[in-house]
Amino acid sequence: MTTSPPDRRPSAAGGGRLSFSIFTLARAHRAHAAGMLRDLGLHPGQELLLMRLFDRDGQTQSELLDAVGLDHSTVSKSLRRMQEAGLLTREPAEHDRRVQLVRLTDRGRAMREPIEAMWSALEDISVQGLSADEIESFVALAQVIEKSIADRSRAAD
């Protein structure tokens, strides 16, 4: 493993070294991913919706909302943009006209390979200098932290 870069935490974040590291890592990762997505003609988060539709086309907006964990207005805006770009269609469900079904177009389905390649390239960039064991440890620790936060959030509700 390589040496750590100098600590750039503001003094007010002194009691949250791990939290500040997570924040800066997420920001750097998201910024790099955003550039890669721009090259594909997508906005951040749209690839997550497409990936869910690759796995199961014809989901409701509510199902997609639950799957990606974003708020309703963000998902609705993303779906509208994606529909305008010709990546998907939204149509009322036969069983309930108030429910919108989201389906991929041929153009949307064609995004699968470029998105898979983008995620693979992002992974290669992200794990540079890490061993397989370090990657597995990081993933496991990240899942523990995510669960701790989710459990705390549920307890607060």
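Author: This is a predicted model. Start with two helices, H2 (residues 46–55) and H4 (residues 72–84). Their axes come within 10 Å and cross at roughly 75°. An angle of 65 to 115 degrees counts as roughly perpendicular, so H2 is roughly perpendicular to H4.

Now the residues. H2 brings Gln 46, Leu 49 and Leu 50 to the contact. H4 brings Val 75, Ser 78, Leu 79, Arg 81 and Met 82. By class, the residues of this contact are 5 nonpolar, 2 polar and 1 charged.

Take Gln 46 next. Gln 46 lies in helix H2. Its relative accessible area is 3%. Buried means under 20%, so Gln 46 is buried. Setting aside neighbours within four places in sequence, Gln 46 is in contact with Ser 78, Arg 81 and Met 82.

Then Leu 79, on the H4 side of the contact. Not counting residues up to four places away in sequence, Leu 79 touches Leu 49, Gln 61, Leu 64, Leu 88, Arg 90 and Val 102.

Now the core. The largest nonpolar core has 21 residues. Leu 42, Leu 49, Leu 50, Leu 79 and Met 111 have the most contacts inside it. At least two residues of this core come from each of helix H1 (17–39), H2, helix H3 (61–68), H4, strand S3 (100–104) and helix H6 (112–126). H2 gives the most, with 4 residues. In soluble globular proteins, nonpolar side chains tend to be buried together.

Conventions. Residues are numbered from 1 along each chain as its sequence is written. This is a predicted model: local features need pLDDT of at least 70, side-chain atom pairs count only at pLDDT 80 or more; totals for chains, interfaces and linings use all residues. Side-chain values use heavy atoms; hydrogens and water are left out. Axes are lines fitted to C-alpha atoms, for helices over the stretch in contact, and angles run from 0 to 180 degrees between N-to-C directions. Angles under 35 degrees count as roughly parallel, over 145 as roughly antiparallel, 65 to 115 as roughly perpendicular and the rest as oblique. Contact means heavy atoms within 4.5 Å. Ala, Val, Leu, Ile, Met, Phe, Trp, Tyr, Cys and Pro count as nonpolar, Asp, Glu, Lys and Arg as charged, and the others, Gly among them, as polar. Buried means under 20% relative accessible area, exposed over 50%, partly exposed in between (1.4 Å probe, protein chains only). A nonpolar core is a set of buried Ala, Val, Leu, Ile, Met, Phe, Trp, Tyr and Cys residues joined through side-chain atoms within 4.5 Å.
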